[in-house]
Amino acid sequence: MKKIITVTALIFVFLPGQAQIENLANTTIGLGTGISLLNGKSYDYSLDPGSNNLVVQKLYPVTFVISSIITIKFHDLSTQLQGKDGKRARYFVRTGDWQTDKSGVVVTENTQALLKPVRWTERLAFNIGLNLAEISSENISFNKQIDGGIGLGYFVSPSIQVAGFFEVVRTRQMREYIINQYGGKPIPKGNEFYNALDPSDNNLFFNKTFTGFSIKVVIAINPKKNSTY
């Protein structure tokens with residue numbers, strides 16, 4: 001008798017039109033936005049308009065970043081609509097992990113077999129980020145370098161997670177001997193002086209690598225698999 005009840009409960013899971021269980025994609029693509037903090041000091045460089053003297057300005061280490069994110073879940077997750085009396089909500093569950101009573105019979109709610117909510121650790125995911133833009137108090141930069149990082153995220157809903165990242169960022173910085181010799185002075189260029197600075201000029205600038213940390217809200221573009229129950 002118990003087996004008959006269990007099988008009957010499982011059949012209801014696959015009835016069309018219920019749409020109470022939604023399978024989530026194991027790998028998703030999304031966008032992340034948040035605050036990034038760099039380790040180390042970075043600077044901005046300009047020439048005084050009146051004298052062409054080199055001006056060095058320290059940049060604020062905190063910036064607002066927008067990233068593309070690839071997310072890989074550690075577990076196969078689904079969501080199921082559970083609850084009664086107007087308090088129905090979607091819970092993260094594991095497909096096949098059925099709730100049972102003390103006798104081993106699958107628990108149902110309105111003829112829908114119930115799955116066990118997952119532990120909080122099962123809502124963690126691995127993230128790979130690629131920074132698309134960096135917004136600071138000084139300027140907005142798009143795709144200036146291929147920067148990014150890896151991180152750990154926690155799903156608060158099927159499509160939204162909060163994630164922390166360890167990042168590697170490269171910026172064009174002026175060579176130290178140039179700053180030491182010509183800070184507050186014109187920079188010689190042959191028999192003349194520079195009247196403009198070009199960060200692509202390797203005589204003056206080089207790629208400097210910084211590490212940093214960021215906290216982002218990540219929104220998945222394709223959170224669900226095609227199949228629902």
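Close-up 1. Although 28 residues apart, the partners link distant parts of the chain, with E122 in the loop between β10 (115-117) and β11 and R94 in strand β7. Strands (E, at least two residues) and helices (H or I, at least four) are DSSP runs numbered from the N terminus. The model is predicted, with local features requiring pLDDT of at least 70 and side-chain atom pairs counted only at pLDDT 80 or more, while totals for chains, interfaces and linings use all residues. Residues are numbered from 1 along each chain as its sequence is written, and side-chain values use heavy atoms, with hydrogens and water left out.

**Close-up 2. E22 and R90 form a salt bridge within a network that also includes K224.** The side chains of E22 and R90 meet at 3.8 Å, N to O. Because E22 belongs to strand β1 (residues 21-24) and R90 to strand β7 (residues 89-98), this pair ties together parts that are 68 residues apart in sequence. E22 is buried, at 13% relative accessibility, whereas R90 is partly exposed, at 32%. Salt bridges link E22, R90 and K224 in a network, and the structure as a whole holds 4 salt bridges.

**Close-up 3. E167 and K216 meet in a salt bridge, and both partners are buried.** The distance between their side chains is 2.7 Å, N to O. E167 sits in strand β14 and K216 in strand β17 (residues 205-220), so the contact ties together parts that are 49 residues apart in sequence. The relative accessibility of E167 is 1%, and K216 likewise has a relative accessible area of 1%.

Close-up 4. G34 has V65 of β5 as its bridge partner.

**Close-up 5. A nonpolar surface patch of about 950 Å² includes F166.** The patch is made by I29, L31, I70, I72, I128, L132, I150, F166, V168, F213 and I221, and the elements giving two or more residues to it are β2, β5, β11 (124-135) and β14 (160-174). Patch residues have over 30% relative accessible area and no salt bridge, like charges being joined within 9 Å and nonpolar side chains (Val, Leu, Ile, Met, Phe, Trp, Tyr) within 5 Å; accessible areas come from the Shrake-Rupley method with a 1.4 Å probe, and for residues only the protein chains shown count as cover. F166 lies in strand β14 and is partly exposed, at 38% relative accessibility.

**Close-up 6. Y45 belongs to the largest nonpolar core, which has 9 residues.** Its members are Y45, L47, L54, M174, I178, I187, Y194, L204 and F205; a nonpolar core is a set of buried Ala, Val, Leu, Ile, Met, Phe, Trp, Tyr and Cys residues joined through side-chain atoms within 4.5 Å. A second, separate core of 6 residues includes L24, V118, A125 and F155. Leaving out residues up to four places away in sequence, Y45 touches L54, V55, V56, R172, Q173, M174, I179, L197 and F205, with contact meaning heavy atoms within 4.5 Å.

**Close-up 7. N52 has a positive phi, near 65 degrees, in a residue other than glycine.** N52 is placed in the loop between β3 (43-47) and β4 (54-58), and with a relative accessible area of 23% this residue is partly exposed.

Notes. Buried < 20%, exposed > 50% of the residue type's maximum accessible area, 1.4 Å probe, protein only. Pairing = 2+ DSSP bridges.
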